[in-house]
Amino acid sequence: LAILTIILYSYCSKIEKNTDPIIGIWIEDISSTASITSNNGDRTEWIFNDVYLGRYHEIKEGQIILKTDFEWSQKDGTYTITYRGLEDKSNDIVVIKNTTNGTLLQQKDGNMLAIRE
């Protein structure tokens, strides 16, 4: 009975690993690679985690000037990013595009939001 309890517990407690391609760090496209790698660079970044949450940062001269959490969801290859605590920032709706310049988050209007870091 004890062995059966252990087997059932371990089977039920397994958490599926989320391997969605959006998981990771994405940054606002900055035309100069030197700007991206500079500690004093200005950038915007989205950090997506595997539990459908993330952190949004706006960085100016190496200092975080704005940060907030966000939730993300995916349906049929379209991602919705919902920001918490920023009433003036609307949701972003994006798709992932693979290009010769890298992997991009493209907004529904065709503009690029971010590139995978």
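Of the 117 residues of this protein, 27% count as buried, where buried means under 20% relative accessible area, exposed means over 50%, and partly exposed lies in between, with a 1.4 Å probe and protein chains only. The accessible surface comes to about 8200 Å², and 51% of that surface belongs to carbon and sulfur atoms; these areas come from the Shrake-Rupley method with a 1.4 Å probe, and for residues only the protein chains shown count as cover.

The model is predicted, so to state the terms: local features need pLDDT of at least 70, side-chain atom pairs count only at pLDDT 80 or more, and totals for chains, interfaces and linings use all residues. Residues are numbered from 1 along each chain as its sequence is written, and side-chain values use heavy atoms, with hydrogens and water left out.

Let me turn to the fold. The secondary structure comprises 2 helices and 8 strands, taken as DSSP runs numbered from the N terminus (helices H or I of at least four residues, strands E of at least two). Along the sequence, the order is α-β-α-β-β-β-β-β-β-β. The 8 strands form a closed barrel, β1-β2-β3-β4-β5-β6-β7-β8, with antiparallel pairing. From one strand to the next, the twist averages 30°, with axes fitted as lines to C-alpha atoms and angles running from 0 to 180 degrees between N-to-C directions. Two strands are taken to pair if DSSP finds at least two bridges between them. Strand β1, residues 24-27, and strand β2, residues 43-48, run antiparallel and are joined by 4 bridges. Within this pair, I25 stands opposite I47 in β2.

Next, the nonpolar core, defined as a set of buried Ala, Val, Leu, Ile, Met, Phe, Trp, Tyr and Cys residues joined through side-chain atoms within 4.5 Å. The largest such core has 15 residues, of which W46, F48, F70 and L105 touch the most other members. Strands β2, β4, β5 (78-83) and β8 each supply at least two residues of this core. The largest share, 3 residues, comes from β5. Leaving aside residues up to four places away in sequence, L105 touches, among others, I22, W26, F48, V94 and M112, a contact being heavy atoms within 4.5 Å. Of the contacts with a separation of 6 or more, 28% are between residues 24 or more positions apart.

Finally, the charged pairs. A salt bridge here is a side-chain nitrogen of Lys or Arg within 4 Å of a carboxyl oxygen of Asp or Glu, and the count by this rule is 5. The bridge between K60 and D42 has its closest N and O atoms 3.4 Å apart. It links distant parts of the chain, with K60 in strand β3 (residues 53-60) and D42 in the loop between α2 (33-37) and β2, 18 residues apart. K60 is partly exposed at 43% relative accessible area, and D42 is partly exposed at 38%.

E117 and R43 meet in a salt bridge of 2.8 Å, N to O. E117 lies in the segment after β8 (112-116) and R43 in strand β2, so the pair ties together parts that are 74 residues apart in sequence. E117 is exposed at 51% relative accessible area, whereas R43 counts as buried at 13%. R43, E45 and E117 are linked in a network of salt bridges.

In a further salt bridge, the closest N and O atoms of D69 and R55 are 2.7 Å apart.
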